[in-house]
Amino acid sequence: MTTIDAPWMRDETLVPLAKALEGAGYLALAVGGAVRNPLMGRGASDIDLATDALPEVVSDLAIGAGLRVIPTGIEHGTVTVLGEGEPVEVTTFRKDVETDGRHAEVAFGADLAEDAARRDFTLNAIYADPSGVVFDPLGGIADLREGIVRFVGDADRRVQEDYLRILRFFRFTAQFGNPEHGIEPEGLSACATFSSEIETISAERIGMEMLKLLAAEEPELAVAAMQQCGILHAILPGADTAAFFRLSGITDRADPIQRLAALGGEGVSKRLRLSRAQTRRLESLRKAIEAASGPGELGYRLGAEEALAVMELRAALFEAPFDRAVTKQVAVGAGATCPVAAADLSKTLHGKAIGDALRAAEAFWIASGFTLGKEEILERLPRGD
């Protein structure tokens with residue numbers, strides 16, 4: 001018997017909810033990441049619960065246990081339960097009746113096997129009861145431990161049910177796939193067959209999946225497969241994986257925006273619906289890559305971590321060796337403070353002249369390797385009237 005021990009088992013929302021459901025004779029089974037991640041020794045964030053109780057029954061029992069209920073997806077059998085702990089998304093066992101690649105008509109049922117059969121991948125069809133006992137109706141544990149992302153049942157049918165599963169296939173491959181085993185061939189074939197349907201998926205959903213994929217520790221296998229079957233080009237026209245793979249050999253940081261900067265492509269922010277902050281950072285990285293600033297100046301202007309990200313990108317994009325010595329240079333710049341301030345100039349200069357002199361002072365100081373003192377810099381500046 002396989003068991004897990006996860007924080008959600010002691011969660012102050014999950015515990016009273018599960019007791020209420022089981023006390024009324026219903027199942028309360030965690031599913032998805034709440035089970036998959038602990039099996040891999042990883043943390044589980046969201047708590048998803050599957051049950052044979054109908055949504056209205058879940059709501060009544062939850063309210064009776066002193067919890068609050070939000071009908072977040074009631075037409076699909078889903079309610080979100082709120083309490084003293086984490087939000088718990090509860091979904092009644094379902095089976096698909098009809099799908100069109102974007103929406104599914106479902107029927108509620110009381111059969112765990114039918115619920116498992118409608119899920120996307122075997123590693124997402126693993127359940128656990130509130131005590132941590134694991135139920136694995138489709139052999140998902142073996143696939144998870146082997147690092148194989150396998151569609152449940154017929155891969156073509158699973159993809160046709162929801163075309164977002166194309167991207168989820170690559171995302172889960174990035175997160176859980178074993179490069180030694182390669183990518184699961186039937187899944188890859190199905191994704192390639194229906195790759196043109198990616199245009200039917202919203203940019204927001206594409207962006208969400210791509211950012212999760214690029215935040216994985218080892219996304220290289222997935223990205224290579226996406227390029228191989230044309231999906232990467234469909235998402236990011238003009239993207240080039242050469243610098244992306246060189247970057248992987250330079251740094252082990254799992255930074256999705258840095259990786260996007262390495263991939264390049266046309267209209268990245270719009271195609272992935274990046275947030276304003278993400279867009280600003282991507283543009284900042286690209287601008288810094290092309291600037292003439294050295295590692296010390298980058299550290300001074302951007303901070304150590306961001307400057308190092310730029311230096312890594314430069315090496316990857318320009319096919320240059322990455323000199324680890326730049327780490328120290330970046331750190332020196334990041335810790336430096338220009339010794340000349342506006343107050344040092346205001347006695348002799350006014351208005352725009354102060355700003356011009358400050359920029360000149362900073363340039364002298366940076367060019368000196370941050371070694372010039374205030375008086376040495378002031379001596380080099382033009383005198384005011």
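Guide: The expected span of a helix is 1.5 Å times one less than its number of residues. Helices (H or I, at least four residues) and strands (E, at least two) are DSSP runs, numbered from the N terminus. This is a predicted model, in which local features need pLDDT of at least 70 and side-chain atom pairs count only at pLDDT 80 or more, while totals for chains, interfaces and linings use all residues. Residues are numbered from 1 along each chain as its sequence is written, and side-chain values use heavy atoms, with hydrogens and water left out.

Visitor: How far apart are the end C-alpha atoms of helix α15?
Guide: Helix α15 covers residues 276–290, which makes 15 residues. At 1.5 Å a residue the helix should span 21 Å, and the computed distance agrees with this expectation. The end C-alpha atoms are apart by 21 Å.

Visitor: Which residues of α15 are buried?
Guide: Buried means under 20% relative accessible area, exposed over 50%, and partly exposed in between (1.4 Å probe, protein chains only). What covers the buried residues of α15 includes α13 (256–263), α14 (268–271), α16 (295–302) and α17. The buried residues themselves are Thr279, Leu282, Leu285, Ala288 and Ile289.

Visitor: Which residues does leucine 282 touch, not counting residues up to four places away in sequence?
Guide: Leucine 282 lies in helix α15 and counts as buried because its relative accessibility is 1%. Its C-alpha atom is separated by 9.3 Å from that of valine 268, 14 residues apart along the chain. Contact means heavy atoms within 4.5 Å. Under the stated exclusion, leucine 282 touches Ile257, Leu260, Ala261, Val268, Ser269 and Leu274.

Visitor: With which residues is glutamate 306 in contact, leaving aside its neighbours within four places in sequence?
Guide: Glutamate 306 lies in helix α17, residues 304–317. Its relative accessibility is 17%, so glutamate 306 counts as buried. With those neighbours left aside, glutamate 306 is in contact with Arg281 and Leu285.

Visitor: Is leucine 317 buried or partly exposed?
Guide: Leucine 317 also has its place in helix α17. Residues that it touches, not counting those up to four places away in sequence, are Ala243, Arg246, Ala261, Ala262 and Ile289. Because its relative accessibility is 30%, leucine 317 counts as partly exposed.

Visitor: What is the phi of glutamate 319?
Guide: Glutamate 319 is placed in the loop between α17 and α18 (326–334). With a relative accessibility of 62%, glutamate 319 counts as exposed. Although glutamate 319 is not a glycine, its phi is positive, at about 55°.

Visitor: Is phenylalanine 370 buried or exposed?
Guide: Phenylalanine 370 has its place in the loop between α19 (352–367) and α20 (374–380). Its phi is near 65°, a positive value in a residue other than glycine. Since its relative accessible area is 17%, phenylalanine 370 is buried.

Visitor: Which residues touch the most other members of the largest nonpolar core?
Guide: A nonpolar core is a set of buried Ala, Val, Leu, Ile, Met, Phe, Trp, Tyr and Cys residues joined through side-chain atoms within 4.5 Å. The largest has 93 residues, and those touching the most other members are Trp8, Phe170, Ile231, Ile235 and Leu260.

Visitor: How many residues form the second, separate core?
Guide: Among the members of this second core are Ala336, Val340, Ala361 and Leu372. The number of residues in the second core is 15.

Visitor: Which residues line the largest cavity?
Guide: On a 1 Å grid over the protein atoms alone, a cavity is a set of points where a 1.4 Å probe fits but cannot get out, and lining residues have an atom within 4 Å of a point. The lining residues are Gly147, Ile148, Val149, Thr173, Gly177, Gly182, Ile183, Glu184 and Leu221.

Technical notes:
1 Å grid on protein atoms, 1.4 Å probe; cavity = no way out; pocket = protein on both sides within 12 Å on 5 of 7 lines; lining within 4 Å.
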